Amino acid sequence: MTSTETTLSAQPTDAQPAAGDRRRWFALAIVMTAAFMDLVDVTIVNIAIPSIRAEAGASVSQIQWITAGYALAFAAGLITGGRLGDIYGRKRLFLLGIGGFTLASALCGFAANPEMLVASRILQGAMAAMMVPQVLSIVHATFPAHERGKVFGLFGAIVGLGAVSGPLLGALLTEWNLFGLEWRPIFLINLPVGIAGLILGSRFITESKAPRALKLDLVGVALVALGLLMLLYPLTRGLELGWPLWGYVSMGGAFVVFGALVAYEKRKTARDGSPLIELSLFKVKSFAAGIAVQTVFGVGLGIFFLVWTLYMQTGLGWSPLKAGLTGVPFSIAVSVAAGMSVQILVPRLGRKVLQAGALVMAAGVLLYIWESDRYGMTIAPWQMALPLIVMGVGMGLIVAPLTDAVLSEVPREHAGSASGLINTVQQMGNALGLGLVSVVFFGEIPDKLGFAQVGPAFADAFQYALGWVAAVMVTIFLLMFALPKRPAQHVEGAESELRSVEGPPVEDPSVEGKEPELVS
């Protein structure tokens, strides 16, 4: 059982507020703004990483933890956040999450040193995990079924807008250096938005709880977090510390912890039927392969986006604004291809679309390697446009329909658990990819470089890291053969696009027909 199930299972069906209640649209605007804030915050930080490294004096491992710490806390907390919303009230948890997210943003913006920034980012990720799982639950509790298609379409637009505007906003805020604060406004901008969301949310959002909420599996959450920490910490610190023996012991011990997690989940399933992870799902071949695809895909994206930013700003010496504008063709290509894949291509061609996406993205990565090598330090943004568009098209063909393909053979009663697990492992894969940057990127850069050597060294390391990303795409292509040829369409239209981010709005048969507990 995962966060998206706790968000989406036991969903209200017929007890929404009356269609004439205008408050529901205010509630929608509030939760959508919070979701947008989270999406932007994930992308806005990458573009400012070189500035943070230079101004705050952050080390290589601290730079990785500024991004990986957020992803790790977000992934580990999603499960608990969704379950707490079901038990104690989704409005209550949403307000707690947005308030905590705003406070953590302030701590990030006023961080006195890199250590404080890393800790604040981990707190920010944990608060996002309290806030984000409530968004769809609040939508389901607030809107009748016939209006949800329109709402899901709006959410899809918000996702696309967040992907495009995050890097640009980060670039502008860093470039403008407002009040001499350097990179800090990328976090402080959340304060007025969060405060407004907190005030308006307390007034306009209707409280709801699940009719039958399962118990928390805190031991399972703790084992997941411990295993990931034992794996990621040595990866991020190993290069700086000279790869000590304890690091290898810790990484090996992580798999022992994951083994203990599996054993504990089996016992918990037999004892009270409320495990963190529904292990029976892995007996479905397409789901097991899909989980592998999501994890590996997250690793590839985690590697690419961080090294890409470092390559452009530190290696090529570009300004944050120039680097941010360079990424616009990529974001647009992802959005366009994602819409086409769901609405036109997948219904006709099925699994071949996803496999084509993996190969197209690999081709774009290889083209990027070739151009970086050919043009060297003189490469221009317009020369990067072609490989970025090719990569964006490939990514778009994958991200939107992948969840449908993975879930198509999963029993209906476990669809919520499965979709939540998909989202969680992708976040964990992203955190792992960010940890691997120290190996596949920084590991290729000599310790002592003269000023003239920095650019070529970063360019070479970028090309090496992209070679790993291309290998990831080929691996994904092969894993996709285990997916069904014709994924069943669980949800139509824009709701399918939404599920690629949050998971499918599947109602729990065990509570079908029951009305939710609504508290005004």
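# A walk through a helical chain

Take helix H11, residues 245–272, as the way in. At 1.5 Å a residue, its 28 residues should span 40 Å, and its end C-alpha atoms are 40 Å apart, so the two values agree. The expected span is 1.5 Å times one less than the number of residues. Helices (H or I, at least four residues) and strands (E, at least two) are DSSP runs, numbered from the N terminus.

This is a predicted model, in which local features need pLDDT of at least 70 and side-chain atom pairs count only at pLDDT 80 or more, while totals for chains, interfaces and linings use all residues. Residues are numbered from 1 along each chain as its sequence is written, and side-chain values use heavy atoms, with hydrogens and water left out.

Stay with H11. Its buried residues include Gly247, Ser250, Met251, Gly253 and Ala254. Val257, Leu261, Tyr264, Glu265 and Lys268 of H11 are buried too. Buried means under 20% relative accessible area, exposed means over 50%, and partly exposed lies in between (1.4 Å probe, protein chains only). H10 is among the elements that cover the buried residues of H11. After H11 comes Gly273, with a positive phi near 65°.

Now step back to the whole chain. The protein chain has 20 helices and 2 strands. Of its 520 residues, 59% are buried. Take the contacts between residues at least 6 apart in sequence: 85% of them join residues at least 24 apart. Contact means heavy atoms within 4.5 Å.

Helix H3 comes next. H3 covers residues 60–88, and at 1.5 Å a residue its 29 residues should span 42 Å; the end C-alpha atoms are 40 Å apart, which agrees. H3 also bends, by about 40° at Gly77. That bend is the angle between axes fitted to the seven residues ending at a residue and the seven starting there. H3 is mostly covered, with 27 of its 29 residues buried. Gly89 follows H3, and its phi is positive, near 115°.

Which helix does H3 meet at a crossing angle of roughly 170°? The partner is H10, residues 218–241, and the two axes come within 11 Å. H3 is therefore roughly antiparallel to H10. Axes here are lines fitted to C-alpha atoms, for helices over the stretch in contact, and angles run from 0 to 180 degrees between N-to-C directions. Angles under 35 degrees count as roughly parallel, over 145 as roughly antiparallel, 65 to 115 as roughly perpendicular and the rest as oblique.

The residues of this contact can be named. H3 brings Val60, Ser61, Gln64, Trp65, Leu72, Ala76 and Thr80. Among the H10 residues they meet are Leu218, Val221, Ala225, Leu228 and Leu229. Others in H10 include Tyr233, Arg237 and Glu240. By class, the contact of H3 with H10 has 11 nonpolar, 4 polar and 2 charged residues. Ala, Val, Leu, Ile, Met, Phe, Trp, Tyr, Cys and Pro count as nonpolar; Asp, Glu, Lys and Arg count as charged; the others, Gly among them, count as polar.

Move on to helix H15, residues 351–375. At 1.5 Å a residue, its 25 residues should span 36 Å, and its end C-alpha atoms are 36 Å apart, which agrees. Gly376 follows H15 with a positive phi, near 60°.

Phe477 sits in helix H19, residues 451–479. Phe477 counts as buried because its relative accessible area is 19%. Leaving aside neighbours within four places in sequence, Phe477 is in contact with Gln355, Ala358 and Leu359.

Gly315 belongs to helix H12, residues 285–315. Is Gly315 buried or exposed? Gly315 is buried, with a relative accessible area of 8%. Gly315 and Pro456 are 141 residues apart in sequence, yet 7.0 Å apart in space, C-alpha to C-alpha.

The loops close the tour. Glu409 lies between helix H17 (402–407) and helix H18 (415–440). At 44% relative accessibility, Glu409 is partly exposed. Not counting residues up to four places away in sequence, Glu409 touches Val284, Ser286 and Pro484. Asn177 is in the loop between helix H7 (145–176) and helix H8 (185–188). Asn177 has a positive phi of about 50° although it is not a glycine. Glu182 lies in the loop between H7 and H8, and its phi is also positive, near 55°.
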